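Dear colleague,

Please find the structure below for your records.

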Amino acid sequence: MAIITRTLGRTGADVTILGYGAMELRGEPRGPAITDEDAGRLLNAVLDGGINLIDTSPDYGRSEERIGRYIGHRREEFFLASKCGCLIDIPADARPPYPHDYTPGNVRADVEQSLRRLGTDRLDLVQVHMSPSVAVLEDNHTVDTLRELQSEGKIRFIGMSGILPDLPGQIALDVFDAFQIPYSAVQRDHENLISEAADKGAGTLIRGGAARGAASEEKNWSNSPLTQQPGLGQRNWETSGLEELVAEAGIGRQEFILRFTLSHPDLSTTIVGTANPAHLASNIELAEKGPLPADLYEEAKKRLPGPAA
């Protein structure tokens, strides 16, 4: 079997519905302990497993460096997405989420640094990180700067990593080729906005599509989906009656969560990150099954808390 591909909006790029989020390769102290050699093996397993989109960021520690070092020679095999607005020099005592700077000088410095770290001559997609408001974008001429970098051939497409409350305004600008948006069965707040972005011709990269593995037996809700109130995802699951529905379907909770995300009709890809080779192999196996059966998907949506009004 192979992972289904979809077109990433107006970019025209065909991307696998499962992408790889490389934040877990950032290294300690912010990420899990992983040696360079193990990071290299994992990244090659990503490509060998058929995934053709990798998402990273200057904020992700050694992630970009490791991508360049271990799969830079396979650059033509994957669509490479990174971010901008990240500080070049993060204060030693800073903790995530870090402050961000969307001025022309810093945006350009981010892109130049990413190109060096990744050992490439172009980034396929650069996304504005941490969802700044339209006013902040305009005051800092952020989009203008990205377009200049685009004209120089350093980036191919521009995107936004957006969330409520600013995402509707970002979509309305109609300047972004792709949006990275949080979404899963237990975090449906942005469900309709994914479709709005797609209706504008933008590609959609879904983050949190596996809910950080929260529903798996291993984690058992010890993690909460990012950008969500702690404990809310678990309450959404437990009050929806999904446990019985999923058991009747004969699938595991984690399989249901990931395939529910893949069932969104306007999803281009969902980015799932891990530093664990076994988890990567499991994610690929589940993604190869594709979306849920239509009747199961529709019944689940009836039971789960819906998107924000």
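**Gln 127 and its surroundings**

Leaving out residues up to four places away in sequence, Gln 127 touches Asp 55, Ala 81, Ser 82, Lys 83, Cys 84, Gly 159, Met 160, Ser 161, Gln 180 and Leu 205, where contact means heavy atoms within 4.5 Å. Please note that this is a predicted model, in which local features need pLDDT of at least 70 and side-chain atom pairs count only at pLDDT 80 or more, while totals for chains, interfaces and linings use all residues. Residues are numbered from 1 along each chain as its sequence is written, and side-chain values use heavy atoms, with hydrogens and water left out.

Gln 127 lies in strand 6 (residues 123–128); helices (H or I, at least four residues) and strands (E, at least two) are DSSP runs, numbered from the N terminus. With a relative accessible area of 0%, Gln 127 is buried (buried means under 20% relative accessible area, exposed over 50%, partly exposed in between, with a 1.4 Å probe and protein chains only). Its side chain is joined to that of Gln 180 by a polar contact of 2.6 Å. A polar contact is a pair of N or O atoms within 3.5 Å; within protein, one must be able to donate a hydrogen and the other to accept it, and residues adjacent in sequence count only if both atoms are side-chain atoms.

**Asp 55**

Asp 55 belongs to strand 4 (residues 53–55) and is buried, at a relative accessible area of 2%. The side chains of Asp 55 and Lys 83 make a polar contact of 2.8 Å. Among the other residues that Asp 55 touches are Tyr 20, Tyr 60, Gln 180 and Ile 271.

**Helix 2**

Seven of the nine residues of helix 2 (residues 63–71) are buried, including Arg 66 and Tyr 70. Their cover includes helix 1 (36–48), strand 4, strand 5 (79–84) and helix 3 (104–118). On the helix 3 side, Glu 64, Glu 65, Ile 67 and Gly 68 of helix 2 meet Ser 114, Arg 117 and Leu 118. The residues of this contact divide into two nonpolar, two polar and three charged (Ala, Val, Leu, Ile, Met, Phe, Trp, Tyr, Cys and Pro count as nonpolar, Asp, Glu, Lys and Arg as charged, and the others, Gly among them, as polar).

**Ser 216**

Ser 216 sits in the loop between strand 9 (203–207) and helix 8 (232–238). Its relative accessibility of 15% counts as buried. Beyond its neighbours within four places in sequence, Ser 216 is in contact with Arg 253 and Gln 254.
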